[in-house]
Amino acid sequence: MDLGIKGKRALVCASSKGLGLGCAEALAEAGVDLVMNARGSEALEAAAADIRSRFGVEVATVAADVTTVEGQAAVLKEAEGVDILVTNAGGPPPGLWSDWDRDDFIKALDSNMLAPIALMKALLPGMMEKGWGRVVNITSQSVKAPIPALGLSNSARAGLTGYVAGTARQVAGSGVNINNLQPGIHATDRAVSLDTGVSKAQGISMDEAKANRCATIPAGRYGTRQEFGSTCAFLCSQQAGFMVGQNILLDGGATNSTM
């Protein structure tokens, strides 16, 4: 399918690996030029070079922490005038409700709520002026069905979802569509981190921890970054122009819900 976005330009955050990289690859395959961002420059430059060689698109890189004012300024300077924004950040660590204090919540909010909002506030006006734009926020299945051990993530990502619900409907008339992707478990470093925690807590091997988690997923496996990226690229396409403020669940059926 021709997504109709060849020649557009996208900022993809946390795109040196994992789900962000999957989104960057899928957009590049559709002919979209990229601004790729991540904290670590080595992995970022390697990913950018690979995308340039495979897809022949222009790729700029910004190694910066977008949870900081300085990092946001650096990214926005390079990404000025982009047509597409994909926000993404690693999730806070798991734990018990009694583990976290105010500083933990502020850190989670900065990463998973306030940074995406700051990027949207900076880039939406330009999209609206052009009469076309796409924003995809990578959130989590925990927004739909909270995960007890991920209270920090549940809170921050739900806050972002609430913000998007109203904002998406205010900008849709200007040709700008904002939607959220809610990943379940995918084969990324995040899955390794979660499985490591289970392995240590339960005294079982990593293979056993993964097998136990896979058994809770009707698809029987973890998702791939390529599957996730393809869905992101579709949400950025011309064909998705009537999708406004939606939360798309990609979890292999793990969330048991009719809606």
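Biologist: What is the relative accessible area of Ala-149?

Modeller: Ala-149 is found in the loop between β5 and α5 (151-171). Helices (H or I, at least four residues) and strands (E, at least two) are DSSP runs, numbered from the N terminus. Buried means under 20% relative accessible area, exposed over 50%, and partly exposed in between (1.4 Å probe, protein chains only). Ala-149 therefore counts as partly exposed, with a relative accessible area of 35%.

Biologist: What pLDDT do local features need here?

Modeller: Residues are numbered from 1 along each chain as its sequence is written, and side-chain values use heavy atoms, without hydrogens or water. This is a predicted model: totals for chains, interfaces and linings use all residues, side-chain atom pairs count only at pLDDT 80 or more, and local features need pLDDT of at least 70.

Biologist: Which residues does Ala-149 contact, leaving aside its neighbours within four places in sequence?

Modeller: Contact means heavy atoms within 4.5 Å. Trp-97 is 52 residues from Ala-149 in sequence, yet 7.9 Å away in space, C-alpha to C-alpha. With sequence neighbours within four places left out, the contacts of Ala-149 are Pro-94, Gly-95 and Trp-100.

Biologist: Within what arc do the buried residues of α8 fall?

Modeller: In α8, the buried residues are Phe-228, Gly-229, Cys-232, Ala-233 and Leu-235. They line one face of the helix, because down the axis of α8 the directions to their C-beta atoms fall within an arc of 155°.

Biologist: What is the relative accessible area of Phe-234?

Modeller: Phe-234 is in helix α8 too. Not counting residues up to four places away in sequence, Phe-234 touches Leu-3, Gln-239, Ala-240 and Met-243. Asp-2 is 232 residues away in sequence but 9.8 Å away in space, C-alpha to C-alpha. Phe-234 is partly exposed, at 30%.

Biologist: At roughly what angle do the axes of α6 and α7 cross?

Modeller: Axes are lines fitted to C-alpha atoms, for helices over the stretch in contact, with angles from 0 to 180 degrees between N-to-C directions. The axes of α6 (residues 189-202) and α7 (residues 206-214) come within 8 Å and cross at roughly 110°. Roughly perpendicular covers 65 to 115 degrees (under 35 is roughly parallel, over 145 roughly antiparallel, the rest oblique). So α6 is roughly perpendicular to α7, at roughly 110°.

Biologist: What is the relative accessible area of Lys-121?

Modeller: Lys-121 lies in helix α4 (residues 102-130). Thr-167 is 46 residues from Lys-121 in sequence and 10.0 Å away, C-alpha to C-alpha. Lys-121 is exposed, at 59%.
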